[in-house]
Amino acid sequence: KLARVADVGMIVTFAMLVYVHFHGHGAQGAERWIKIGPVQIQPSEFAKVFLVLYLAKCLAQRPRIAQDPLR
């Protein structure tokens, strides 16, 4: 179940990171926030979680890479 979430999460997170690069909202001197109504979110926090899930999915699909990464 998490493998499906990882794919969609990476796509959505990447889109949010691109959006914040061009249209980011400033908070405490940093232009890294997306303002949605009264809520502000920081896409990099989502990126951390979904990157770990996505890499775990990739390594689970190719166990030889996890055992010998130089091969």
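The stops below begin with the whole chain and continue with individual residues.

**Before selecting anything**

This is a predicted model, in which local features need pLDDT of at least 70 and side-chain atom pairs count only at pLDDT 80 or more, while totals for chains, interfaces and linings use all residues. Residues are numbered from 1 along each chain as its sequence is written, and side-chain values use heavy atoms, with hydrogens and water left out.

**Stop 1: the whole chain**

Display the protein as a cartoon. There are three helices and three strands, and from the N terminus on they run α-β-β-β-α-α. Helices (H or I, at least four residues) and strands (E, at least two) are DSSP runs, numbered from the N terminus.

Now colour the chain by pLDDT, the predictor's confidence in each residue, from 0 to 100. The average for the protein is 83, and 85% of the residues score at least 70. Confidence is highest in α2, at 90, and lowest in strand β1 (residues 25–27), at a mean of 67. Where pLDDT is low, the predicted coordinates should not be read in detail.

Next, show the surface. The protein exposes about 5800 Å², of which carbon and sulfur atoms supply 65%; accessible areas come from the Shrake-Rupley method with a 1.4 Å probe, and for residues only the protein chains shown count as cover. Of the 71 residues, 20% count as buried. Buried means under 20% relative accessible area, exposed over 50%, and partly exposed in between (1.4 Å probe, protein chains only).

Consider also the contacts, meaning heavy atoms within 4.5 Å. Among the contacts with a separation of 6 or more, 44% are between residues 24 or more positions apart.

**Stop 2**

Select Thr13, which lies in helix α1. Is Thr13 buried or exposed? Thr13 is buried, because its relative accessible area is 2%. The side chain of Thr13 reaches the backbone oxygen of Gly9 at 2.7 Å. Leaving aside neighbours within four places in sequence, Thr13 is in contact with Pro43, Phe46, Ala47 and Phe50.

Although Phe50 and Thr13 are 37 residues apart along the chain, their C-alpha atoms are separated by 7.8 Å. Beyond neighbours within four places in sequence, Phe50 is in contact with Val5, Ala6, Gly9, Met10 and Thr13.

**Stop 3: the salt bridges**

How many salt bridges are there? The count comes to two, where a salt bridge is a side-chain nitrogen of Lys or Arg within 4 Å of a carboxyl oxygen of Asp or Glu.

Select Lys57 and Asp7, whose side chains meet in a salt bridge (2.7 Å, N to O). This pair links distant parts of the chain, with Lys57 in helix α2 (residues 43–61) and Asp7 in helix α1, 50 residues apart. Lys57 counts as buried because its relative accessibility is 15%, whereas Asp7 is partly exposed, with a relative accessible area of 28%. Not counting residues up to four places away in sequence, Lys57 touches Ala3 and Asp7.

Then select Glu45 and Lys48, which form a salt bridge through their side chains (3.2 Å, N to O). These two residues are separated by about one helical turn, because they are three residues apart in helix α2. Glu45 is partly exposed, with a relative accessible area of 40%.

**Stop 4: Ile41**

Select Ile41, in strand β3 (residues 39–41). Which residues does Ile41 contact, leaving aside its neighbours within four places in sequence? They are Met16, Arg32, Trp33, Ile34, Ile36 and Phe46. The C-alpha atoms of Ile41 and Met16 are separated by 9.9 Å, and the two residues are 25 residues apart along the chain.

**Stop 5: a nonpolar patch**

Finally, select Phe14, Val18 and Phe22 with the surface displayed. Together they form a nonpolar surface patch with about 340 Å² of accessible area. Patches are made of residues with over 30% relative accessible area and no salt bridge; like charges are joined within 9 Å, and nonpolar side chains (Val, Leu, Ile, Met, Phe, Trp, Tyr) within 5 Å. Phe14 belongs to helix α1 (residues 2–23), and Phe14 is exposed because its relative accessible area is 57%.

Conventions. A polar contact is a pair of N or O atoms within 3.5 Å; within protein, one must be able to donate a hydrogen and the other to accept it, and residues adjacent in sequence count only if both atoms are side-chain atoms.
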